[in-house]
Structure formats: structure tokens, C-alpha cells
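Subject: Structure for your review

Dear colleague,

My notes on it follow.

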Amino acid sequence: MRKKSVLEFTLNGETRAVLCEPQQTLLEVLRDELRLTGTKEGCSNGNCGACNVLLDGVLVNSCLILALEVQGRTLLTVEGLARSDGTLHPLQQAFLDHAALQCGICTPGFLLSAKALLDEHPLPTESQVRFWLAGNLCRCTGYDKIVRAVLDVARTQAAQPPSVSATPV
Amino acid sequence: MPSVPASSSETAAPAWRVVGTRPVRPDGVDKVTGRALYGADLSLPGMLTGRVLRSPLAHARIKKIDTSAARALPGVRAVVTSADLPRAADRIEDLGEGAINLRYLSDNLLAGEKVLYHGHAIAAVAATSASIAEQALALIRVDYEPLAPVMTVTEALKPDAPLLLADLHTDRMGQRDAAPSNVASHLRHERGKLEEGFRKAALIIDRRFRTETVHQGYIEPQAATAQVQADGQVTIWSSTQGIFAVRSQVAEVLGLPVSQIKVVPTEIGGGFGGKISVYLEPLAVLLSRHAGFLPVRLVMSRTEVLTSTGPTSGSDIRIRIGADAEGRLTAMQAELYYEAGAYPGSPVGAAAVVSFAPYACDTMRVDGYDVVVNRPRASAYRAPGGTNVAFAVESVIDELAESLDLDPIEMRLINAVREGDRRPDNLPLSKIGYVECLQALRQSDHYRTPLTGRHRGRGVACGYWGNWGGQSSATAVLNSDGSVGFNVASTDIGGSRASLAMQLAESLGIDYSQVKPRIGDTDSVSYNDVTGGSRTTFATGWAAYELGQKLSAELRQRLALLWEVPVDTVTRQGDGFAAGEKRVGFAEAARLACEDAPLMVSTTVHPKGYGAAFSVQCADVEVDPDTGKVTVLRYTIVQDAGKAVHPSYVEGQMQGGVAQGIGWALNEEYVYNEKGELLNGSLLDYRMPTACDLPMIDTVIVEVPNPGHPYGVRGVGEVNIIPPAGTLANAIHRATGVRLTALPMSPPRVLAALWDKSGYSPFA
Amino acid sequence: MQAFDYHPVSTVNEALALLAREGAGARLLNGGTDLLAQLKEGRRSANHVIDIKRIPELSEVRELQDGGIWLGAAVTCRTLSHHAVWRERFPGLHDATHLIGGVQIQGRATVVGNLCNASPAADSIPALIVHRVQVCIAGPSGLRRVPVEGFCTAPGRTVLLPGEVVVALEVPPPPAEFGAAYLRFIPRNEMDIAVAGAAVAVELGGEGSRFQSVRVALGAVGPTPLAVDAIGARLAGRPVAEVSLDEIASLARAAARPISDLRGTLAQRRHLAGVLTVRALRVAIDRARRSVTPPPLSPPL
């Protein structure tokens, strides 16, 4: 066993410190050390997107990052999407309203990918949505309702004046 | 609610207040916030991590397993092999989506004398960390005597083929062959005089087809945790389609009474039939028992999921169909060879029923063969067996229609089964909506819009699935505020908490929001069959309906006592109850009724009137003639739901099944080398469709009520996966002029077929 | 994953010193999308993982005075997708770096990592070849440069010597009337490894009517990405209007040395080498002409 190191980073708006081993992935530290199990493991090699998180606002697979690589950086996981008063992020609400999940295991990853997309392209086309979600596999829905939910959020937000971001990142 | 433009319903306004609406699912918030706990999310104090050693060889005799070095590694708490399993009984257990011989189930959990596929489990380890468990696996020494692998039907049927199972003799409808064989069984359905029927035909098409092994592809790998206590009580937490199926399998293979086992369901990340058979649960129990009663969690890697859990069968199929000049079918013949994997139990029986079920024909013969090969043991996958055979049958029907210059929908209408017509196994069909589905497709915007453009084609195919009823039980607790606690034990794999709560709310005449569904463990609710066979919204829904009726009756009874009036004078009025001058809302009725004693009802059901489901589908494709790549441009599904309880989730089932079917048709397949090693055990190379590979999938819900259910419900989950391969094959044919007779219709296969036709060679 | 020590170095010299000290047990970690997957699967091993992403200059994209680009080794594909000069002046490279992995892989993956992983199917390498990119390598004895063309020697193998680090790529400025393109074939539309790939760069003359020079490189049809000199030799100096696409396809097929594996068949790959080369050539010509004149209408491919 190698020496454990202290990892300090900003997680969902809060500064966190956790002991981890050098070979632990960010996904393992989130799930096993911090007990944040909303980030899912579907394949562990970057092919399914279930573990997607935003690292300094950039969409990444947490299974392909060593935890120590995020030293001093800022991370958003699905647990940080809703507002602290419990109000769901518009994407979370849209996924519910559109029945865009069946089993729900891929949903956290999709939500993070969709957020990354809308942060960069507030009014995407359908093909842009599909491109940004292509790294997230869903086996239940055929993607139809997921794509509609994301497009619906984009249209709704475009029709409204900008408001304070629902998320700390 | 937002409007959902993907769907249109064929019926008038719903007759019910709750059934047919689209509320948010009760477990929704947990699932979009990451709070829902799935199999691998569970953590217990002192929990050990388990890992499984798997065979690198496809076929070998195990000479010796030496676990001593692994046991000696610090941090290792238990190592188990097949020697730790009691010898299981040679007995068939029906788990809902396919029967399993328990001895084979046991051998599949931990290989005994032989390993029968690449990935076959050999030993399991529990350790204080994952890395120690992995080191321990590397220290286990297994001596093998390699044997020649048997990978396909063709190889398995050769007279000199190596035998996988020395004691396997072909069962021919109850007669057992004397010599052992790789063919586990041969079944036949027959009616009419076959060759006479073919003599009446103006045209006979006779084709052979091949389909490859495919996997269910759920995104959550199998996960199970077990804790054995010193008094022998066992608790298992499992991501499963059926907690009672887990309980009975674990009880059988470990020789434990069911009373000693409690199975607690976690949320489940997809199953599609693949999470009915157990793989990890008995190992976790053994490990926990050997590890000083500490809890042990086992979670599969994606590679383990692909190499070692049930895919569905590859198959060799011959279809021969004759039609007269008007397109009436005169004779139909099918020979179905399904690869069961390492142990008997392919879904060839269901395939034999699906085969010609949509066609009214007096003369048919279906032969089905269950063949063992050195691949993982096949398990159920959404309408098990149906997609393979429908690909073949629907291709031949399309060829007949084209040759006879008939519209493909017309061809199917001419021969469509109706109520009372018989399936290939001669069981009559109850009220069905097949003709209505065909007509709805013919009238759809998609079908009426001509397809233009080069290299494009439109295909049509249909599918039948029998569905299932099974046993369900549930309880309802009336709270004094008028809300209802609703306890079920049917796994919610995709929204059934909503569809069940809606039926209870409808039956009781209260708001959906007042019903609080909860999925219980095996000790808290009575028996429920698995969530499978498209049965949950139908059968557990029926239980929900009965609970509503019972609660309502009990409330009237109690109000009658309170009000000192005859019970038949207490009636439902508005949202509450009334008798003469007296009148109370539902919540007040609940408060009054519960003042003296709590009110709880339970019910158990075993409904037999599960109506069959039909799906008719249409696809437009474009084929790139230079690369062989098929792009799906437009897709429409028409399906008879009987009654769509929650239309959004019915559409979701339709779209999801078709997405899986498209993957199966175009790119998914197990790729083995000559040694029988699986080469594509990852989600990179086992190519399931991404969001970029599919168009929006339009749905048309036809509602021909099932007379066997109070709300007319029929199962909707499975039938949708049956037609896509045939639909796409027919579309590709219309686009290119070539008929593909093998799945998947992947770019190299399409190219090869195009080159066969054109005479082109890349080596010229 | 096996246990190892993690070293987030902040200078190239630190990385070189660690490599020298730890020898074969040390691995460089860049985007990690290949290395971590390989370590998990046991396809590579490491006792020491040296993270070079915190070396400031390796994250730089420098526009050079001559119009070329100095691309630091740790620059991600995502950064390049947002880099206007990269997108507009290096179209063949942009094609390739924009389609490696999905969006979440793009956020981590680097071009240099793709190069050093030395997969025969690497998307970036054919494009780097036709853009005449040089690899800048730091080692115990100083800095050296090698052309990308000669960098990969076999699947997973390169000319890198023990103790060396690729610090940057030098992309020369595109000449006038230059166009380039990279196309690959994958069975799905995203998240796949190339079954075959082709990069083409053309330099036209005579206001887009004549080939000055043509460079072609193929991916996934040989043990390393292949430069196809025969096509350049055939086309240089000839009028664009006279080119026979069948002949180009045939030359590309002849240059391909593919195998059958789980991702594609030999015949399919050989055929695709021709198809993709022709398609990439058309796009490259189009782009070269657009670089001097308003975009002409291109015939459907």
C-alpha cells in the first residue's frame, strides 16, 4: 500500500479534504471515500458516461482521472445540481416532466453532460444535443425523451430573462 | 405537464381520471438528484470487497485449483470454489422468463469439473480492499486440460463435435435420445399437411438466416451484497428483477430454507431479462459465511458483465413460406436452432410460438432445437427469442409481398390473425389489436409520406409477444389523512411505481399524489413473480386495483357503522362518501374510519387473462453504398397497449425496445476468436447505439382494451424489440436491392452483400 | 488498478529527473484517457505516474511568427476545438482533434497523448503527417526533433528512448492555397475507434487549378499510420480537373496493409482506404480553393 495523500478541492461549492491513495480514481474517491454515490460506474473506462462530472466546468469521465489530479480544483457532481433549498435544476425537472429516465442509472451522467452543453451552447440544435450526449449510453429510453427534455430546457431558458444560476459552479 | 409531440393516441378521451395521465414518478426526485441507491451504492459497516476469478479458456477440464497462496495473503478473509457449494438438485425451476435446471445454475455460479466458456466463474475472494482481492485472484492457481471449443450451432451439430455436457441427451417432446448430444431438446408445433400446403402455393420462398449473440446491455453492472449472521440468517441486497427469484435460487443452490433468507431490493439500473438469474448473490453469501459473518459486496466489471452474464442466443434459422397468387399463405415452415450457451435453456420455445403467430395459416410446422455451445449461458432478453425468428420470418414475408407486388402492410392484413385464431402451438388468441395496428400504420403520416432520395428505402415488419400474468401481491395502508401507503414487491425497473400507484388511485377514487408506493423486501410483502414478461403493470396493477376496491368497501363498511346506516346506502360521491344527509370528503372519511382501528388491506392475484401484444413498425433508412453504413432516418412504432396507464412510460418502453432492436440489427454482436475468447468485452467495442445513432422514434399507441384486465391493460414492455431487425432488413433491401440474411447488418456485411451483387472486389 | 506513486511535476526537468531515476517503472500521465484505461486493464503497468499537466508551458498553444503553431504536449482536444486559428488554418488537424472520443474524452485527451499511445488507428496521426508536423522531444541529452511520419514504429511503440518526454508539436505554417482534411470510418456515429482513416493535404497553384503538392496518410490499415507517397507523386504538378478518382482510390488501396480484427475486416479496410482518401481529397481541394476564392460548390461525395 502506498502512502495516502490529502486531496483538497471544492466539491459542489464546499471545500473538502479527503485522504486517498495515488491509484484511486476520482470516481472511486467520490463513491467510496466521500460516499457520494450519485456518480455511477457503468464501465470504468470512459465508454458509458455514467460517471460524468464537471471539472472546472469541463465535462469529464471521473473514472479516467486520478483523484489527486483534481488537487485544488472545482468539481460539480449530480449532488450539487439542485439548489440548496431543494429546488431542482431545470434539467432535473425537465427529465421528470418528460419521463426522460426509466431505470435512472445513467441519469446523473446525462444531467451533467446536458448542463455542460447548455453552459456552452444555450440554444443547441437537436444534432448538437445528440453529439454532446453521445458519450452517455442509455439502454432504456432510446434517447428520444432525453433529447426532448434538453431541448425543452434550452427553449424555456431562452424565452426567459437570465436568472441567477441554480448551481454553485 | 409538457406536451409530448412524439406520440399520438388512437382512442378518444380516457374514461378514467388518473389512468391515462402523465404524472411525475414517485421515485423521480431521488433518481435525478443522485440519492437513489442502486446495487453498488450500498455500504455496510465492516463490509468486505469480493472479486471473482474467471476462466480465460472457453472449454477445459479443471484438474486442480490451488487457493492456498490466496488464502495466505494478508487482508484476504475468504476464498470459495465449487467445492463449497452443496451438490444442487437436478431439478427444473421456472423463474418467470425461462426455466433453469438448478444443477446447471450451480455449475454456472462456480465451475465444477469443467469450464464451459471464457469468463466462467471459478473462485471468489473476499478481502479488506479491492486491490487485495485482485491480488488474491492472481495468486489462485488453476490447472486446466484444454478442450476444443464449440462455438456455433454448426460446430455443435457435427457428428464428431466435442460434447459440452457428458450427461446431456436430446429430449424430443418427452422422449430422451440414447446417445449424449449437444442438442438439449427438440420441440415441434405442427398443424395441417405441410407439403400439401406448399403444393397449393404459387410462390415459395425458402431462406436461411444467422443471428449473433447479443447482450441486454443494462448500464448498471450486476451488484450484490450479503451478510450471514451467526444464527444462520441471511440478508441479501440485490439489484434484481425479482427478489423472490433471488431467494428461491439462493435457497436451492445453497441448500437453505427460504425462511432463512431475506432479500432486500436496491434500485435497479436496467435488466431487460438479464437480472433474473443469480450470478453473485450465492457467492456473496458463501463468502460472508466464510469470512466470519462480515458483509461482502460483489460488483461486476463491465467486462465481467459481457463475458459472464446472460446474453441472448445466436441462432441459425430456416424459414420456408408459400403463398398463393393473391398473397394468402398456404404453408409455413420454420427450423430454429438456438444457441443456449453453456447450459440448456435457450428461448427457442418462445421463439417457436412467436414465429408465425401474426399469420393466420392452417398449415405450419415449427421445429425448435436448443443447442449448447461454449458461450455464456443465455438468459432472458426482452421478448426472449422473438427478435431472431421475426427477423427471418418478416424478411421472407417481405420478399413474398414484393414478388407478388403487394404492399407489405396489405400482405400482412390479408393474413392477419384475429381473435380466436391459433398460434403455432395451437392456443387460441383472445381479443387482440393487430389489425388495428396495421391500419394505424397505414394511415400514419410516416407511411403516407413518400420516401425520396437515392440509396433510401422503407421497411415494414410486425411482431407478436404473448406477455405473461404471474403472481403478485400487495398491501395498502390507509393513513388518517387520507393518503395510502402502498407496499409492493415488484421491482420498479422503469416507472412501475407510477403505473401501479395510478391504478390504485383510480380504483380508490383519490389523487395519484395521495398514493405512496414502496418496494418491500421478501419479508415484508408476500410473493411476487419477477418484473419480466411485461407483467408488472398488468398483474401487480390488478392487485393495485383490487386494493382500491377493498379499501373502498372497508371504508363504506366502517362509515355505515359510524353513521348507523345500512352499508348499501353509503355511496361514493365526489371525492368522498355520502349516505342520505351525511357526507364526508375522502380524508375525513379516512380519519373517521381509522379512529377505532387502523385500516389495512392486502391482496394476492394470479390473473390469467394477459392479452397478447402486437407491434407494427416502419423505418426509412439510407445506405451509404461506399461504406455499407446504414442510417436510420425515420422510425415509427405502432403498438397495442390495451390501455396505456402512463402514456409517457408506454412510449418510453416502445422507444427503448426499438433502440435495442436497432442496435441488435445493425451493430451489436459478440466477436469471438477461434479459441473462443470474447474479443469485444467493452462498451467501446460492443457497440450499443449512442444518441447520435438514432432518430426521434415516433410512437402510436393503439388501445384495444384487454378484456382480461379491469382497465384493459396489456403488457407493453417486450413486443417492441421483435420487429426492428426485420423492419430494417426490409428497408435495406428496398434501398439497395440486396437482402441481408445475417445479423448484425453491420457495415462490413452490408458491403460484402453489395459487392456480391455488383461483382466489385477491393483487391481488383 | 495497481498501486503506484503519483508525481505532479511542474517543470520538464523534474519530469526528466524522475524518469531517469525510476526507469522503466515510470509512466507519463497526460490526459490519462489511454493510460488509466490501460493500467486498469493490466495492459500497461507503472510504479510511478508522472503527471505533466501542471507544467505551465506544456499547456500553451503558441502562434509562431511564421504562422505556425507550437502546441504544448498537455493541450487538450477541447482547448483546440475552441482555438480559432487551429480551426481555421489547420483544418485537417482540426477534423482529427475534434473527433477523438466524445465530449468528455475531449476535455482530457491531448494530441500528444494520442500520438504517444501510437495506436495504428489514432485519429490525429494521419493528419499530423500530412500537416508535416515535427515532434519536439526532451531527453537526458537535450532537445531533438523528429517528423511525425517516423515517430511510430509499431502498434504502441515509438522512437522515444528511455527517459525522453514529448514536450510539444511544431506545426509549420500552411502554404498559400492549402487545404487539408481528415475523415475516418466508424460503425457508429460517435464513440468508436476508426476502422480506417485518411488524411489528405493539398497545395494548389494556378488559382486552384493545379496540384503543387499532395500528401496522403492512412490510419488503421497498417501497423502504424502510413504515409502514402505514391499519390503525392502521381498528382504533383497535374491539373486538378484531370485527376482520376478511381486511380487515387486504387493507389490508396494498394498502399493499405490492413488486417482483420474485431473492429473490421481486411477487405473492408482496404476498400475504405480508397473511399476515404478520395473523399478527403475532395474536401481538401475544396478547402484549398476556398482559401483563395469564394467557396465553390462541391459535388456530392
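Predicted model: local features only at pLDDT ≥ 70, side-chain atom pairs only at ≥ 80, totals over all residues.

**Salt bridges in chain B**

The side chains of B:Arg442 and B:Glu410 form a salt bridge with an N to O distance of 2.8 Å; the term denotes a side-chain nitrogen of Lys or Arg within 4 Å of a carboxyl oxygen of Asp or Glu. B:Arg442 belongs to helix 13 (residues 434-442) of chain B and B:Glu410 to helix 12 (residues 408-414) of chain B, so the pair ties together parts that are 32 residues apart in sequence. Helices (H or I, at least four residues) and strands (E, at least two) are DSSP runs, numbered from the N terminus. B:Arg442 is partly exposed, with a relative accessible area of 34%, and B:Glu410 is also partly exposed, at 29%. For these terms, buried means under 20% relative accessible area, exposed over 50%, and partly exposed in between, with a 1.4 Å probe and protein chains only.

Residues are numbered from 1 along each chain as its sequence is written, chains are lettered from A and ligands numbered from 1 in the order in which they are written, and side-chain values use heavy atoms, with hydrogens and water left out.

A second salt bridge within chain B links the side chains of B:Arg25 and B:Asp27 at 3.0 Å, N to O. Both residues are buried: B:Arg25 has a relative accessible area of 2%, and B:Asp27 has 6%. Over all chains, the count comes to 69 salt bridges.

**Chain A**

Chain A contains 5 helices and 5 strands. Read from the N terminus, its elements follow the order β-β-α-β-β-β-α-α-α-α. Its radius of gyration is 16 Å, close to the 15 Å that the globule rule gives for 169 residues, so chain A is as compact as a globular protein of that length. The radius is taken over C-alpha atoms, and the rule is 2.2 Å times the number of residues to the power 0.38. Along the principal axes, the C-alpha atoms of chain A fill a box of roughly 50 × 35 × 25 Å. Of the 169 residues in chain A, 65% are buried. Contact means heavy atoms within 4.5 Å; among contacts in chain A between residues at least 6 apart in sequence, 57% join residues at least 24 apart.

**Chain A with chain B**

Here 46 residues of chain A are in contact with 61 residues of chain B. The two chains bury about 4,200 Å² between them, with carbon and sulfur atoms giving 59%. Buried area is the accessible area (1.4 Å probe) that two parts lose on being put together, summed over both.

This interface has 4 salt bridges. One joins B:Asp41 to A:Arg31 through their side chains (2.7 Å, N to O). On the side of chain A that touches chain B, the elements giving two or more residues are helix 1 (26-33), helix 2 (90-97), helix 3 (107-120), helix 4 and helix 5 of chain A. That side divides into 21 nonpolar, 12 polar and 13 charged residues. In this classification, Ala, Val, Leu, Ile, Met, Phe, Trp, Tyr, Cys and Pro count as nonpolar, Asp, Glu, Lys and Arg as charged, and the others, Gly among them, as polar.

The side chains of B:Glu668 and A:Arg139 also meet in a salt bridge (2.7 Å, N to O). B:Glu668 lies in the loop between helix 18 (647-666) and strand 33 (697-702) of chain B, and A:Arg139 in the loop between helix 4 and helix 5 (144-159) of chain A, so the pair joins two chains. B:Glu668 is buried at 1% relative accessible area, and A:Arg139 is buried at 4%.

**Chain A with chain C**

Chain A places 31 residues in contact with 31 residues of chain C. About 2,600 Å² is buried between them, 57% of it on carbon and sulfur atoms.
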